[in-house]
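Subject: Structure handover and notes

Dear colleague,

I am passing on the structure below for you to look at alongside these notes. The notes follow it directly, beginning with the pocket and ending with a few local details.

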Amino acid sequence: MTRALVFPGQGSQAVGMGKELAEAFPVAREVFQEVDDALSQKLSALMFEGPENELTLTENAQPALMAVSLAVTRVLEKEGGFMLTDKCDLVAGHSLGEYSALAAAGTFAIADAARLLKIRGQAMQAAVPVGVGAMAALLGLDYADAVAVAEEAAQGEVCTAANDNASGQVVVSGHKAAVERAIEIAKGKGAKRAVLLPVSAPFHCPLMQPAADRMAEALGTVTMNAPAKPVVANVTAEKTDDPETIRKLLVEQVCGTVRWRESVLYMKEQGITELVEIGAGKVLTGMVRRIDRDLSGTAVNGPADIEAFLGTL
C-alpha cells in the first residue's frame with residue numbers, strides 16, 4: 001500500500017484537541033510547549049480548555065491545528081518508529097494544513113511554522129473589514145458549474161471558487177453581496193444546498209491580496225529546507241520538493257483556490273492508495289470517500305487512533 005500523509009485545515013479545531021495526547025506522551029507536551037514558547041502565548045491552554053470563541057479566531061486556530069498535527073507526527077515517530085521518510089510517499093495539507101505537512105516533512109522548524117501561521121491568521125483576518133466579505137458552500141454542483149455560478153454572481157465584485165473540496169462540495173468566497181447572489185443562482189441551477197459559512201473573512205479569493213503580500217514578506221525571512229517527501233501543493237495540485245517553489249506557492253495559496261479534490265486524484269495517479277489524516281478531526285477522511293471510493297482514508301488523532309494505526313503497519 002502506497003501512503004500519503006494529509007493534514008487538516010481550519011474548521012477541524014475543537015476545544016480539548018491535543019489534551020489526551022499531552023497527557024499520554026511527553027513528546028506531544030514538548031511540541032505544545034515549543035509552540036507556546038514560539039508565540040509567547042499559552043496556546044495549549046486555549047486548545048485544551050477553551051473558550052471556543054477564542055480558539056476559533058483565525059490567528060489561534062491556524063497554529064493550534066498545526067501543533068496537534070505535529071504532536072501526532074512526533075508521537076508516531078518516537079513511540080512507533082514511524083519515520084515519514086520510510087512510511088509515506090507524499091504529503092499534503094488543506095490550506096493551513098500545507099504548513100503542517102511541510103513542518104512534518106522538515107521544510108520548516110515547528111517554531112517557524114507556528115509564527116508563520118500566527119501571522120497568516122492575523123493577516124487574513126485584517127485583509128477585509130468584518131462584514132464586507134463572506135463564504136458559502138455550494139453542495140451538489142460540480143466544480144465547473146460552481147465556477148460558472150461565481151462568475152455570474154460577481155457583477156463587478158469579487159466572487160470566486162475558493163475550495164474545491166470534493167465532488168459536489170465547492171466553497172465560493174468574495175464580497176458578501178456577490179456571495180449571497182451566488183447562493184440564489186446556485187439554487188436555481190440545481191444545488192442541493194447553498195449556505196453561508198460561519199467564517200470571519202473571505203479566504204482564498206483576491207480580496208486576500210494584502211495577506212498574500214504580508215506572507216511574502218514573512219516567508220522571505222524563514223529558512224526552508226527541501227521536504228523529506230514531496231508536497232502536493234494546494235494551488236497546483238501537483239508535487240514539488242523545491243523550497244523556492246514552495247515559498248512562492250504558499251504566497252499564491254492565500255488568494256488561490258484550494259484544489260483539494262484534484263490534489264487527491266493526483267495522489268491516486270501517483271500510485272497512492274491510502275491517505276492518513278494526521279491531526280484534529282476527520283474532515284479530510286470524509287472527503288476522501290466522496291472523491292474516490294477506491295482510496296482508503298484513516299484519521300489519526302488521539303492515543304487510541306495512534307495505537308490502532310501503528311498496529312496496522
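Domain 1 (3-127 + 207-311) and domain 2 (133-199) both contribute residues to the lining of the largest pocket, so the pocket lies between them; the domain bounds come from an automatic or database domain assignment. Please keep in mind that this is a predicted model, in which local features need pLDDT of at least 70 and side-chain atom pairs count only at pLDDT 80 or more, while totals for chains, interfaces and linings use all residues. Residues are numbered from 1 along each chain as its sequence is written, and side-chain values use heavy atoms, with hydrogens and water left out.

The volume of the largest pocket is about 770 Å³. A pocket here is an open set of points on a 1 Å grid over the protein atoms alone, where a 1.4 Å probe fits, with protein on both sides within 12 Å along at least five of seven lines, and lining residues have an atom within 4 Å of a point; grid points are joined across faces, edges and corners, and the volume is the space filled by probe spheres set on the points. The lining of the largest pocket has 32 residues, and Gln10, Gly11, Ser12, Leu197 and Val199 lie nearest its centre. Two or more lining residues come from each of α5 (58-80), α8 (110-126), β3 (133-139), β4 (159-166), β5 (169-175) and α14 (283-291). By class, the lining divides into 14 nonpolar residues, 17 polar and one charged, where Ala, Val, Leu, Ile, Met, Phe, Trp, Tyr, Cys and Pro count as nonpolar, Asp, Glu, Lys and Arg as charged, and the others, Gly among them, as polar.

As for the protein as a whole, its secondary structure comes to 15 helices and ten strands, taken as DSSP runs numbered from the N terminus (helices H or I, at least four residues; strands E, at least two). The C-alpha trace spans about 55 × 45 × 35 Å along its principal axes, and of the 313 residues 57% count as buried (under 20% relative accessible area, with exposed over 50% and partly exposed in between, using a 1.4 Å probe and protein chains only).

Some backbone details may be worth a look while you have the model open. Gly50 and Pro51 are joined by a cis peptide bond with omega about 10°, and Pro51 sits in the loop between α3 (43-49) and α4 (52-55). Ser95, although not a glycine, has a positive phi of about 60°; Ser95 belongs to the loop between β2 (90-93) and α7 (97-104) and is buried at 10% relative accessibility. Ala237 likewise has a positive phi, near 55°, in the loop between β7 (231-232) and β8 (239-240), and Ala237 is buried with a relative accessible area of 5%.

Finally, Glu157, in the loop between α9 (143-154) and β4, is partly exposed at 32% relative accessibility.

With best wishes
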